[in-house]
Number of protein chains: 2
Amino acid sequence: MNSRLSAIEETLLMGPGPSCVAPEVYEALSTVTIGHMDPRFIGVMDHLKEYLQTLLNTRNRLTIPMSGTGSAGMETCFVNLVEPGDSVLVLINGVFGMRMKDVASRLGASVDTLEFEWGSPVSVADVEKKLAGAHYKIVAVVHAETSTGVRNPVAEIGALLRGSGSLYLVDTVTSLGGIPVEMDAWGIDALYGGTQKCLSCPPGLAPVSFSDRALEALKARTRKVPNWYLDLTMITQYWEGSKRVYHHTAPVNMIYALYRALALIIDEGLENVYQRHATCHKKLVSGLECMGLSMLVAPPYRLPMLNAVRIPDGVDDERVRSALLNEHKIEIGAGLGPLAAKVWRIGLMGHTARERNVERVLAALNTVLQP
Amino acid sequence: MNSRLSAIEETLLMGPGPSCVAPEVYEALSTVTIGHMDPRFIGVMDHLKEYLQTLLNTRNRLTIPMSGTGSAGMETCFVNLVEPGDSVLVLINGVFGMRMKDVASRLGASVDTLEFEWGSPVSVADVEKKLAGAHYKIVAVVHAETSTGVRNPVAEIGALLRGSGSLYLVDTVTSLGGIPVEMDAWGIDALYGGTQKCLSCPPGLAPVSFSDRALEALKARTRKVPNWYLDLTMITQYWEGSKRVYHHTAPVNMIYALYRALALIIDEGLENVYQRHATCHKKLVSGLECMGLSMLVAPPYRLPMLNAVRIPDGVDDERVRSALLNEHKIEIGAGLGPLAAKVWRIGLMGHTARERNVERVLAALNTVLQP
């Protein structure tokens, strides 16, 4: 019966997520399940919120993990803030910007977009021009575009929006825990992340935070949030206050795991964690370039945790990824959309971001790419 | 840092869920994480679908776990089938019927209801009368009403609906794995469950199944599903076919755990599992009655896995539940809504449903209720 699970072996996860999970987090994950209204579980929830506030550099009270994966975080931010006809500007330079447009459109928003080449960052000057011509209820951007490895200028766009009355919505799924995220200083109003990237917790939860301005917009809605499961007006009654109100049964064990994963990051120190990602990234890029490979993204815009490498002419994408997985037990990611078969995506996320892992993937790639 | 988790001790979970988790399932939960596109993980997914089909007695190809808790399953069934203005009849005799009404209303459905006393079952005769007067696109009911402990006549309502053209939507969150669910034989078109009740897997996933008729309704929609995260037209491309298309990152470790939990049930044999629930239920009721306590629900409509017991006059609800939790390490559930402080809900779900656990809760209640 159990054969399918016993066939699963430790794999070095260097794709776009999930990343490798620390032993302490597996241990937390399999801590005995207790009730979702148990005072000891409420204690874990309260601590977890504080850890998230520390990681996001925010004082927002509404800072909680949603009971779904990162994409449920995206859905949460839009569905709580958008009412039919609301104007939304989405800045797009990859798959996850495209996804934002789709999510907002389905909710009846009037979506405008500003698109940039995949592999290039959002241009702040272009955004400034666009904002001069129109007002939007929401302006949305992806911090770390997982499909290309580009870091978007989230702080600079936030500065443009200050005082504009627009709500600033940012995807930090891949950035969170790998590069600094300054929610309050950058003026972000609604933010979501995922657990399976630089937080190195298995996939299944989506940290979300709302500023007071976002909460006011939520309270000012003329109709109920059209999604019972993700309605923050109800969910906050379970996550806050002296008397907790049952909404849905919290994913207890996943919350244990996220709690422990965040504790590991905070114990190591945020600066040390970011430095570890940066060091591994430099070592990886330098190793790849020594092998004659080239990066998709120009140096100033590169993410440390997601490295898009051009596949050399004549090299079979799938053969290389299969050989890495089957012969070397290393997973790297394929390209998405227009970058399919054009790039590999090598992740250096969270627990995976160790120099020995960089050495291992470079050696394996070198072997597999031998003619 | 880890103090909050180390304070968590094994607790006998006899509330309305989560239930106790078997050691094999904790072990599966902490199996090493691999990628969501890894062929070995796809193998686990394929097996898990077959297990669910066996448990549900269905041949529906679209039988998968959604990446959220049971309430996300409810949201999934409604959001994929309802378009604004669609007529929906919800049969209500507890919290979860009320929740269905709320979910469907938020999606713009024209919701009609038929309400019954909490603690009594849905009346088939009343439903028949109602259906004679109107046609509904969807008729929805809860199989096992977790808030009251009532078993609703799902097979009989299904027989009424046969050939009517209505889609039959059933909540099996609490019934699944504790009493038989015959999806195909009963004519159910859309069904959802949860993992943390009689499947005895930690909370976090929601099994969902759609019949061919439900799929046709999904394909006939005039507009996109207004929920990207739960859109089955996209999610099935990840769960089916020879070439899997990434939608969102599957909650890998939770899926391992559900796979293992289902394997345990199928290994034990469905009939044996249902018999175990029935035996424990009888023993519990007889023990409670010997102590002078009485049940909320009349015998023919009682669920084995959720036992609503009237709180005797003059007994302090919270004192008893706290004493059970703190002094005896047993969790039982409080009443909800109009039944708050009027009943306790004693769960006998999945791995929890063992005679020794029944003896333990009876002995503990006896001690705590001593004047």
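**Close-up 1. In this predicted model, α6(B) passes α7(B) in a right-handed crossing.** Helix α6 covers residues 124-133 of chain B and helix α7 covers residues 154-161 of chain B. Their axes sit 10 Å apart, and the helices pack at an angle of about 20°. Angles under 35 degrees count as roughly parallel, and α6(B) and α7(B) are therefore roughly parallel to each other.

**Close-up 2. Here are the residues where α6(B) and α7(B) meet.** From α6(B) come B:Val124, B:Val127, B:Glu128 and B:Leu131. Facing them from α7(B) are B:Glu156, B:Ile157 and B:Leu160. The contact of α6(B) with α7(B) has 5 nonpolar residues, 2 charged ones and no polar ones.

**Close-up 3. Now for the place where chain B touches chain A.** Each chain puts 60 residues into this contact. On the side of chain B that touches chain A, α1 (3-6), α2 (23-29), α3 (39-56), α4 (70-81), α5 (95-106) and α10 (252-268) each supply at least two residues. The largest share, 8 residues, comes from α10(B). By type, that side of chain B divides into 28 nonpolar, 21 polar and 11 charged residues. And 100% of the interface residues of chain B are also interface residues in chain A, so the copies meet through the same surface.

Technical notes
Residues are numbered from 1 along each chain as its sequence is written. Chains are lettered from A and ligands numbered from 1 in the order in which they are written. This is a predicted model: local features need pLDDT of at least 70, side-chain atom pairs count only at pLDDT 80 or more; totals for chains, interfaces and linings use all residues. Two residues are in contact if their C-beta atoms, placed from the backbone, lie within 7 Å. Helices (H or I, at least four residues) and strands (E, at least two) are DSSP runs, numbered from the N terminus. Ala, Val, Leu, Ile, Met, Phe, Trp, Tyr, Cys and Pro count as nonpolar, Asp, Glu, Lys and Arg as charged, and the others, Gly among them, as polar. Axes are lines fitted to C-alpha atoms, for helices over the stretch in contact, and angles run from 0 to 180 degrees between N-to-C directions. Angles under 35 degrees count as roughly parallel, over 145 as roughly antiparallel, 65 to 115 as roughly perpendicular and the rest as oblique. A crossing is left-handed if the near helix is turned anticlockwise from the far one by less than a right angle, and right-handed if clockwise.
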